[in-house]
Amino acid sequence: MRSWHVEAEQAEFAKFYQSARDDCLRIVLVNVGDQTLAEDLVAEGFSRAWASWRKVRQHPVPRAWVIRAALNTHVSWWRRRRREVGLDGHDVVAPADGGTGLNRPMTAALRRLPARQRQVITLRVLLDLDTETTARVLGISPGTVRAHLHRAIAAMRSEFGSAEGPAPDPEPIGLRRGWAPR
């Protein structure tokens, strides 16, 4: 016999899953570059979220928890896989089919960023998390988040440039509005 509490938790998780799945998939896909692998990782992230739902629902940004779980799973997968012997190009991952909601040049540019910069820019820009939350999710300091974001945006600007000519140097992090020297 099911209790009302378990059914309420299942309904709450199902609602969370429906609202968060596409965002989580898009961000993980940008980070790993393979649609099938991204779907598997997101499924694993959601299964871990369900197993720890009482803890996850208290998290400030449960979507970020799922993304972090998926990316951690990818790191574990990569560590196991790097010991395998290649098959002369037969094990090359097929390029993503563009299911990110971003255009191909943008996705390709994001994939060329170093992993930490890519993680920061996807959480800050695509998931719209603030600096403090991004820092907590990634386990780094807010200053490190700002530095990675600054470098990632500078790299993206230099790659795409602007219609008027080359991209200007991005403003220093400390000189953004509202900042005053001590």
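## A buried ring

Phe13 is buried, with a relative accessible area of 12%. Buried means under 20%, exposed over 50%, and partly exposed in between, for a 1.4 Å probe and protein chains only. Trp50 is partly exposed, at 37%.

This is a predicted model: local features need pLDDT of at least 70, side-chain atom pairs count only at pLDDT 80 or more, and totals for chains, interfaces and linings use all residues. Residues are numbered from 1 along each chain as its sequence is written, and side-chain values use heavy atoms, with hydrogens and water left out.

## Aromatic pairs

The whole structure holds seven aromatic pairs. Rings of Phe, Tyr and Trp (its six-membered ring) pair if their centres lie within 6.5 Å; planes under 30 degrees apart are stacked, over 60 edge-to-face, and the rest tilted.

One of these pairs joins Phe13 and Trp50. This pair is tilted: the centres are 5.2 Å apart, with 55 degrees between the planes. Phe13 sits in helix α1 (residues 4–32) and Trp50 in helix α2 (residues 35–51). The two residues are 37 residues apart, so the pair links distant parts of the chain.

Both residues also belong to one aromatic cluster, formed by Phe13, Phe16, Tyr17, Phe46, Trp50 and Trp53.

## The whole chain

The chain has eight helices and zero strands. Helices (H or I, at least four residues) and strands (E, at least two) are DSSP runs, numbered from the N terminus.

Of the 182 residues, 35% count as buried. Contact means heavy atoms within 4.5 Å. Among contacts between residues at least 6 apart in sequence, 63% join residues at least 24 apart.
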